[in-house]
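Biologist: Could you walk me through a few backbone and packing details here? I'd like to start with loops and then move on to helices.

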Amino acid sequence: MYYKPNRHVDVPSTDLLTWIFGNEACHDPDRPLYIDALDPTRRLTFSQARSAIRSMIKGLRSLGIKRGSCVCLHTFNIYYPLLFLAVIGAGGVFVGSNPGYKELELTSLLETSKASLIITAPDLLPTVQNVTHQLQIPDSRVLVFAEACDTPNGFRSWNELFQHGEDDWVRFDNEKTAKETPACLVTTSGTTGMPKMAVLSHHAWVALNCVIDDPNPKPYQIKRLIFLPMFHTFAAPLSHLAPLREGHTTYIMPRFSMSQFINAVERFDITEVLLVPPMIVSFVTSTSPRNFLKHIRFVWCGGAPLDGAIVKQMYRLLAPDACIAQVYGMTEAGWISTLKWPERDESGSVGRLLPNVEAKLINEHGVFVREPGKRGEICVRGPRLMSGYLGNPKASADSFIDGWLKTGDVGTVDKLGRIFIVDRQKDLIKVRGWQVAPAELEGVLRTHPHIIDAAVIGVKHNNSEAPKAFVVRDCQSLSEEAVKAYIATLLVGYKHLDGGVCFVDSIPKSPSGKILRKLL
């Protein structure tokens with residue numbers, strides 16, 4: 001038995017940009033779509049965004065970007081969605097990077113993707129420069145978000161992209177081509193193991209964005225505030241594509257700050273926000289006034305399941321007719337399920353299957369789970385699945401079973417078709433919405449000269465999870481603080497060992513050498 005969605009949506013076979021701009025006759029070309037929430041004088045209308053994308057396509061091609069070239073964007077600002085589309089429009093493959101990455105992580109990303117051009121911000125340039133020199137990438141292949149006069153010698157200003165006129169994007173209208181043409185590479189820990197790069201095609205992106213918008217018109221003007229990372233597949237559809245395709249006004253904040261969030265919600269009459277569960281928990285448990293949330297009509301929540309009791313408390317803080325829609329998905333499959341306006345759900349479910357997505361549950365032996373309410377690993381199939389992991393055919397093959405993607409999440413489906421996430425089959429640790437692979441941290445820990453072996457698990461920490469390390473050391477002088485500091489110098493903040501360090505005599509393992517995490 002497998003579960004089907006309530007409706008099917010035809011997926012066009014065009015390239016992504018042709019689909020995105022297919023609604024342009026319906027939009028006011030002079031209405032601002034992208035607005036900097038910290039400096040609202042920085043804004044882009046539909047016509048300005050379209051022209052900027054076409055200019056950057058021309059500029060990227062002048063720098064040798066062509067079909068299949070990978071371009072890495074290692075920054076975060078109002079132009080991020082436009083660069084995403086410009087790279088793809090030039091025929092290239094967009095590579096999103098976390099601006100918080102340390103040198104080790106950025107090196108891995110650039111080596112795996114073989115990016116031929118990097119675009120970054122001045123404050124991130126020291127890390128980028130150390131990595132590009134190590135990889136023998138010339139400074140001339142790094143564009144900096146700065147005026148030419150403020151760009152360090154040897155590097156190029158990103159403004160050069162606008163000095164060559166405009167050019168049209170790569171166009172096609174063929175399903176085979178759409179499925180075989182990569183649009184972007186997205187870093188993911190996958191369903192298990194070390195970080196990988198998922199290949200997402202034009203067809204996968206079009207298929208996702210065909211179905212995420214509500215079929216029922218909302219009785220309010222959409223003013224959406226986004227501060228979550230745009231390289232993450234939870235935020236990307238609503239930041240990169242919905243504004244230009246649907247005409248949604250979108251305010252951009254570089255990162256979450258409570259004071260800036262409150263100011264933006266009140267100043268701009270924000271009606272929709274994207275949140276992760278720890279943020280919602282902080283709202284409902286706060287003793288400070290929360291009247292500013294009464295403006296909010298729709299909350300998108302993703303990154304991890306949200307408990308039904310917390311959902312009920314959050315509803316009390318929002319507009320009377322507000323909806324909270326948990327979004328279940330993963331990089332490899334895009335959005336899988338959610339709720340649509342005007343449905344209100346306080347059960348803690350992650351919604352129902354989106355159009356075109358089919359799901360089934362399997363037990364530990366790979367056998368279908370047929371009874372409603374019975375637990376099983378969620379497997380999905382549909383047009384939004386990744387093409388595979390870049391350069392890793394084994395991991396790609398291991399992620400699928402007979403065309404079904406194994407999510408690694410354990411769930412149930414009730415008689416109303418609502419999906420509930422109840423456990424994880426995979427080892428991944430969910431840290432404030434981020435996925436952390438224990439194997440990555442274990443590999444880094446073992447490079448320490450005084451660490452013989454290590455294992456990492458997730459533990460409860462500040463309304464979320466945090467990595468905790470179990471370490472076998474070869475000298476008693478190695479301290480918990482020293483181990484934490486070692487990880488902190490090499491890996492981005494959400495991978496730090498905030499769950500603590502425990503020194504042990506040995507790591508429990510199976511006869512085949514697999515770490516037995518349940519014994520830790």
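Modeller: Happy to, with the reminder that this is a predicted model.

Biologist: What's the phi of Asn462 like?

Modeller: Phi of Asn462 is positive, at about 50 degrees, even though the residue is not a glycine.

Biologist: And is Asn462 buried or exposed?

Modeller: Asn462 is exposed, because its relative accessible area comes out at 63%, and the cut-off for that class is over 50%.

Biologist: Which loop holds Asn356?

Modeller: Asn356 belongs to the loop between β17 and β18 (358–362), and its phi is positive too, near 75 degrees, again in a residue other than glycine.

Biologist: Buried or exposed, that one?

Modeller: Asn356 is buried, since its relative accessible area is 9%, and buried means under 20%.

Biologist: Switching to peptide bonds, where is Pro342, and is the bond from Trp341 to it cis or trans?

Modeller: Pro342 lies in the loop between β16 (334–338) and β17 (352–353), and the peptide bond that leads from Trp341 into Pro342 is cis, with an omega near 5 degrees.

Biologist: OK, helices now. At what angle do α10 and α11 pack?

Modeller: Helix α10, residues 277–285, packs against helix α11, residues 308–315, at an angle of about 55 degrees, and their axes are 9 Å apart. The two helices are therefore classed as oblique to each other, and the crossing they make is left-handed.

Biologist: Which residues actually meet there?

Modeller: From α10 the residues are Ile280, Val281, Phe283 and Val284, and they meet Ile310, Gln313 and Met314 of α11. Sorted by class, that contact is made up of 6 nonpolar residues and 1 polar residue, with no charged ones.

Biologist: Why would residues three or four places apart point the same way?

Modeller: An α-helix has 3.6 residues a turn, so residues spaced by three or four places point the same way.

Biologist: How many residues of α10 are buried?

Modeller: Helix α10 is mostly covered, with 7 of its 9 residues buried. Those are Pro277, Pro278, Met279, Ile280, Val281, Phe283 and Val284.

Biologist: And what do the buried residues of α10 pack against?

Modeller: Besides α11, the buried residues of α10 pack against the helix α9 (258–267) and the strands β12 (272–275), β13 (298–301) and β27.

Terms used
Residues numbered from 1 in each chain as written. Predicted model: local features only at pLDDT ≥ 70, side-chain atom pairs only at ≥ 80, totals over all residues. Heavy atoms only, no water. Helix = DSSP H or I, 4+ residues; strand = E, 2+ residues; numbered from the N terminus. Buried < 20%, exposed > 50% of the residue type's maximum accessible area, 1.4 Å probe, protein only. Axes fitted to C-alpha atoms, helices over the stretch in contact; angles between N-to-C directions. Parallel < 35°, antiparallel > 145°, perpendicular 65-115°, else oblique. Left-handed = near helix turned anticlockwise from the far one by under 90°. Contact = heavy atoms within 4.5 Å. Nonpolar A, V, L, I, M, F, W, Y, C, P; charged D, E, K, R; others polar.
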